[in-house]
Amino acid sequence: MFAKRIDNLPPYLFARIDEMKAKKRAEGVDVIDLGVGDPDLPTPPHIVQALIDAAKDPDNHHYPSYLGMQSFREAVAGWYQRRFSVDLDPSSEIISLMGSKDGVAHIPEALVNPGDYVLVPSPGYPVYSTGALFSEGKVHEMPLLRENGFLPVLDDIPSDVARKSKLMWINYPNNPTSAIAPPKFFDEVVEFAREHEIVVVSDNAYSEVSFDGYKAPSFLEADGASEIGIEMHSLSKTYNMTGWRIGMAVGNKEIIRGLGVVKTNIDSGTFNPVSMQQLQPSPARRTVWQKHVASTRNAVTCWFQACRNSDLRSRHQKLPSTSGLR
Ligand SMILES: Cc1ncc(COP(=O)(O)O)c(C=O)c1O
């Protein structure tokens, strides 16, 4: 009954984990869930209040903008400038997403023809691979191994694969290894992408969840990155907003335009009240946010540490394509 692309998909790892959890809970087991990156803290109150206020405004009861509210995109541009010193044009270099999963799943449809390769870190977020398979692309896994600092070794990508690759995923701070990338790695990625005419998508969903004074950079800070790539962000982890579904893709305007073409034909944009206010700075919000980051840090330290302590090399060998964390 189903199309081959459905039959060929591996089971979605987290749906499978949900089933396993439900079974154990039904047996009376008190399950500690380190599998899914879903903060167990509530969304900060100023964001909830902004939603309540905006939901009452009839202007917000119509179809929203396909690309995201202009004020949201301006707030994103302001944040990128303050946080990463990266300049973005809100009208052409930013698009809002219904969670970054929306962008991760759909960007291959803009770039990948049947038979093209997509370079995917392994272990990694499973949607990098399934998005490629939906576009009838082929997945080439780039192993993230302890001895390489959990960075892919670009020289290990076979040249015939590199030649036929359209898209490369990178994700630092990395899920699930918690590795961070030295700036020189981004320079190498830009050079590799230029040489092989590959689009790079940096999934920076965890940029705000870091430790010990480390501040994660944006891939777009690297020289030439915005000529060959884009970056995706999520408000899910930063603001405990996994249920709200809001994120953004930013960077090269042609690539953003391609993603926009796909999305305008699939969805009708993010509900305006969800994209209002969250990124606007204010001292009160900053305090709430700092407290939130501190408690999120405590919560995630636990599973980062668990990942660090596990032998990811043998996990990689056993679970080649679905061994990510959501
Ligand atoms: C690495 C990574 N990227 C993207 C996502 C998607 O997050 P969201 O769709 O909630 O923005 C996740 C979710 O866990 C993730 O771990």
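In which loop is L9 found? L9 lies in the loop between α1 (4-7) and α2 (13-26), where helices (H or I, at least four residues) and strands (E, at least two) are DSSP runs numbered from the N terminus. All views show a predicted model, in which local features need pLDDT of at least 70, side-chain atom pairs count only at pLDDT 80 or more, and totals for chains, interfaces and linings use all residues. Residues are numbered from 1 along each chain as its sequence is written.

**View 1. Surroundings of L9.** L9 counts as partly exposed because it has 15 C-beta neighbours inside 10 Å; a residue is buried with 20 or more other C-beta atoms within 10 Å of its own, exposed with 12 or fewer, and partly exposed in between, C-beta atoms being placed from the backbone. Not counting residues up to four places away in sequence, L9 touches T130 and L133, contact requiring C-beta atoms, placed from the backbone, within 7 Å. L9 and L133 are separated by 124 residues in sequence and by 7.4 Å in space, C-alpha to C-alpha.

**View 2. Packing of α5 against α6.** The axes of α5 (residues 100-111) and α6 (residues 127-134) come within 7 Å and cross at roughly 35 degrees; axes are lines fitted to C-alpha atoms, for helices over the stretch in contact, with angles running from 0 to 180 degrees between N-to-C directions. The crossing of α5 past α6 is right-handed, the near helix being turned clockwise from the far one by less than a right angle. On the α5 side, K101, V104, A105, H106, I107 and P108 meet V127, Y128, G131, A132 and F134 of α6. The residues of this contact comprise eight nonpolar, two polar and one charged; Ala, Val, Leu, Ile, Met, Phe, Trp, Tyr, Cys and Pro count as nonpolar, Asp, Glu, Lys and Arg as charged, and the others, Gly among them, as polar.

**View 3. Shell around the ligand.** The ligand is surrounded by 15 residues, of which G99, S100, K101, S234 and S236 are the closest; a residue is near a molecule if its C-beta atom, placed from the backbone, lies within 6 Å of it. Helix α5 gives the most to this shell, with three residues. By class, the shell holds three nonpolar, nine polar and three charged residues.

**View 4. Helix α4 and its buried residues.** The buried residues of α4 (residues 70-84) are F72, R73, A75, V76, A77, Y80 and F84. They pack against β1 (94-97) and β7 (247-251). Just after α4, S85 takes a positive phi of about 55 degrees.

Conventions:
Two residues are in contact if their C-beta atoms, placed from the backbone, lie within 7 Å. The expected span of a helix is 1.5 Å times one less than its number of residues.
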